[in-house]
Amino acid sequence: MENGQISQKITGYDNIFWLGAKKSSQTHVLYKYMNVKYAIEFLRTGHFLMTEPSAWSDPYERRFYTADYSNIDGFKPHRIYCTCFTQKCSNEAAWRMYSSKDTGIASRTVRFEFRRSALLQALDRGLSSGRIYLGNASYDYTSKQIDGLHLKKNPLYQKYFDSFSLDKFLNLLLIKRKAFEYEQEVRMFLVEEDAGDIWDEMGIEVNEKQFLAFPTEIMKQMIKSISVDPICDDLEYNMIKTSIMSVFPYTRCIQHGLYKSKPRIIIE
């Protein structure tokens, strides 16, 4: 296999594997954005949502998950689940991307700062079966390049599809368009041992969800800080903070300062 297409077990863990290259670029924290509703539900229950890649809104990202692999001998894709983080501390686009279509405070976004090591330890110890795979999103290609990646005449076909395996399948799911490189996304995949097929018996695509459950004591270790949407006014921020602290009063909750007013400038 080509370098970067094989997973490696992350040192110190039994069930956590790293996909691709750039391992040395990892930060000590991971940021996760959620709308207010999901954020409060996560803090209240400890249920961490993971979805199938077929539910991703961008067709360029889900194309390799829902593709037909019948021409590849010995490989049949099975259902997996994914969630996305970013390593970027300040990501203006993410605040809007994860906002809800609701109105008022329900439309606002919350950002969690997770301690990477505590999160991985919780996952490693909490899995009853299966594996977790982590990888940096790859922003190497344009839309046009991704369009032809699955064709044998493409110079990159051999890199991605020769000696095809689960590792290579997951690496395909790390591919994002070059225009989104600013996101610095990290993807986490849950691969269960007894996963079903992506398509049901009738050939219908079904988008399933999976929840990982974290006890409160573990969440205290995982969550370093919580930030509230910078677009909130004071009333909205205080309402959201009160709701958060009522279910999880164990970490600091602040309003992100992205849009904080600065002194009036004087043009020289």
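Q: Are Y69 and F169 buried or exposed?
A: In this predicted model, both Y69 and F169 are buried. For Y69, the relative accessible area is 6%.

Q: Where is Y69 found?
A: Y69 lies in the loop between α2 (59–62) and β5 (81–86).

Q: Which residues is Y69 in contact with, leaving aside its neighbours within four places in sequence?
A: Y69 then has contacts with F64, F75, P77, F161, F164, F169 and L172.

Q: How many aromatic pairs does a search of the whole structure find?
A: The search finds 21 aromatic pairs. One of them is formed by Y69 and F169, an edge-to-face pair with 5.6 Å centre to centre and 85° between the planes.

Q: Which parts of the chain does that pair link?
A: The pair links distant parts of the chain, 100 residues apart: Y69 is in the loop between α2 and β5, and F169 is in helix α7 (residues 166–172).

Q: Which residues do ring pairs link into a cluster?
A: The cluster consists of F64, Y65, Y69, F75, Y157, F161, F164 and F169.

Q: On to F248 and Y250: why is the pair edge-to-face?
A: The ring centres of F248 and Y250 are 5.0 Å apart and their planes are at 85°. Planes over 60 degrees apart count as edge-to-face, so the pair of F248 and Y250 is edge-to-face.

Q: Is F248 buried or exposed?
A: F248 counts as buried, at 1% relative accessibility, whereas Y250 is partly exposed, with a relative accessible area of 44%.

Q: What sits over the ring of Y250?
A: The charged end of K220 does, 4.2 Å from the ring centre. Elsewhere, K176 lies over the face of F180, at 5.6 Å from the ring centre.

How values were computed. Residues are numbered from 1 along each chain as its sequence is written. This is a predicted model: local features need pLDDT of at least 70, side-chain atom pairs count only at pLDDT 80 or more; totals for chains, interfaces and linings use all residues. Side-chain values use heavy atoms; hydrogens and water are left out. Helices (H or I, at least four residues) and strands (E, at least two) are DSSP runs, numbered from the N terminus. Buried means under 20% relative accessible area, exposed over 50%, partly exposed in between (1.4 Å probe, protein chains only). Contact means heavy atoms within 4.5 Å. Rings of Phe, Tyr and Trp (its six-membered ring) pair if their centres lie within 6.5 Å; planes under 30 degrees apart count as stacked, over 60 as edge-to-face and the rest as tilted. A charge sits over a ring if NZ of Lys or CZ of Arg is within 6 Å of the ring centre and within 35 degrees of the ring normal.
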